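Keep the 3D view open as you read.

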Amino acid sequence: MQHAAPADIELVSVTKQYGDALAVKAIDLKIPGGQYCCLLGPSGCGKTSTLRMIAGHEAVSEGDILIGNRNVTDAPPTARGTAMVFQSYALFPHLSALDNVAFSLKMRGIDKTARRKRAAELLDLVSMSAYAHRLPAQLSGGQQQRVALARALLNEPRVLLLDEPLSALDPFLRVQMRTELKRWQKELGITFVHVTHSQEEALALADLVVVMNHGVIEQSGTAQQVFNRPRTAFVARFLGGHNVVASGGRHWTVRADHLRITPVGTGASGFSAAASGASLDCAIRDIEYQGTHLRMTLAPSGAQSNPSRGERDADAELVALLPDDAFDASTFAIGAPVTAWWQPEHAHPLETATA
């Protein structure tokens, strides 16, 4: 089966306004053809409005959208070379999986044999051939999603748009479908744009992660760039796995797996290690066992073991990940005093401290 060539997408000062509410604020974004892009952010950040403007399902208030170097700002959805997989899947309940996929060919007058042959090829692509004659009600959520994806690919789009496609699935199936989506994107070679509020999903899937907040793009880059070097405190906190600390009049992030903890009063060795970096006196607030490690929530106390280099907002908390084999329940109990410390090379400066 031949696949359509991928298309670059470019958004130039794109704004979306709903009455007095500004949903998307003059964003600029380039998505190279053939990449998997995730628009990531909390509810109300503008990511779905951005996706729907690319699809043509929402009008652009200001700015331009280019797909494959063609300005499609005012083009109808059918003239953009895009296809969309909706969060609800939107399958016809009275049609089989095969006929759901073939439906648009039927509307175009393609004869039954030809359209069913094409639909069968696409069901085979998404490993659904064995379920071709089942109704949507007879399919699991993951199977319905595969049918919706096959239907979206029917017209060989250059861009596939996915609106939170995994949100309705259970955790185990969500991980399985992530792998499948990535594989299909590589096999098809077309541009995928995927909206999600899950940082884990975005980091696992995307060549390009675009983090949005309050209608603007906070940061974009590879998964590794965005996670390891967050630009703002919002990005660091939203992605998770980061602590935001104040030091020397600036704000920094320290990854939870780079934060070390030493029981107070255990002797000089712990404090000599802490002295090489920045540190804070804390009390253990909570402990969660997570299999390979323990997640420890720490409450910074008023006293600081290194006030010149380690400061912390009084109402904030730190998170440290401790390997399971390093945990000592007699030492690390809830309420126990500890010193949290980090090496200077593990602190990453933030451009802004905006939450």
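In this predicted model, helix H5 covers residues 171-188, 18 residues in total. From its first C-alpha to its last, H5 reaches 26 Å, close to the 26 Å expected at 1.5 Å a residue. Take a look at both ends.

Now to the sides of the helix. The buried residues of H5 are Leu173, Met177, Arg178, Glu180, Leu181, Trp184, Gln185 and Leu188. What do the buried residues of H5 pack against? Their partners include three helices you can pick out in the view: H3 (112-125), H4 (141-152) and H6 (199-205). Strands S3 (36-40), S7 (159-163) and S8 (191-196) are also among the elements they pack against.

Let's follow one of those partners, H4. Two packed helices are described by the angle between their axes and the distance between the axes. For H4 and H5, the angle is about 20 degrees and the axes lie 11 Å apart. Angles under 35 degrees count as roughly parallel, so H4 is roughly parallel to H5. The crossing of H4 past H5 is right-handed. On the H4 side, Gly142, Gln145, Arg146 and Leu149 make the contact, meeting Leu173, Gln176, Met177, Glu180, Leu181 and Trp184 of H5. Of these H5 residues, Leu173, Met177, Glu180, Leu181 and Trp184 are buried.

H4 has another helix to show you: H2, residues 97-107. H2 and H4 pack at about 25 degrees, their axes 8 Å apart, and they are therefore roughly parallel to each other. H2 passes H4 in a right-handed crossing. Here Ala97, Asn100 and Val101 of H2 touch Val147, Ala150 and Arg151 of H4.

To finish, come back to strand S8, one of the elements that the buried residues of H5 pack against. Threonine 191 sits in this strand. Is threonine 191 buried or exposed? Its relative accessible area is 0%, so threonine 191 is buried. The side chain of threonine 191 reaches the backbone oxygen of alanine 7 at 2.8 Å. Leaving aside residues up to four places away in sequence, threonine 191 touches Pro6, Ala7 and Ile9, the run Ile31, Pro32, Gly33, Gly34 and Gln35, and also Arg158, Val159 and Leu160.

How values were computed:
Residues numbered from 1 in each chain as written. Predicted model: local features only at pLDDT ≥ 70, side-chain atom pairs only at ≥ 80, totals over all residues. Heavy atoms only, no water. Helix = DSSP H or I, 4+ residues; strand = E, 2+ residues; numbered from the N terminus. Expected span 1.5 Å × (residues − 1). Buried < 20%, exposed > 50% of the residue type's maximum accessible area, 1.4 Å probe, protein only. Contact = heavy atoms within 4.5 Å. Axes fitted to C-alpha atoms, helices over the stretch in contact; angles between N-to-C directions. Parallel < 35°, antiparallel > 145°, perpendicular 65-115°, else oblique. Left-handed = near helix turned anticlockwise from the far one by under 90°. Polar contact = N/O pair within 3.5 Å; in protein donor to acceptor, adjacent residues only side chain to side chain.
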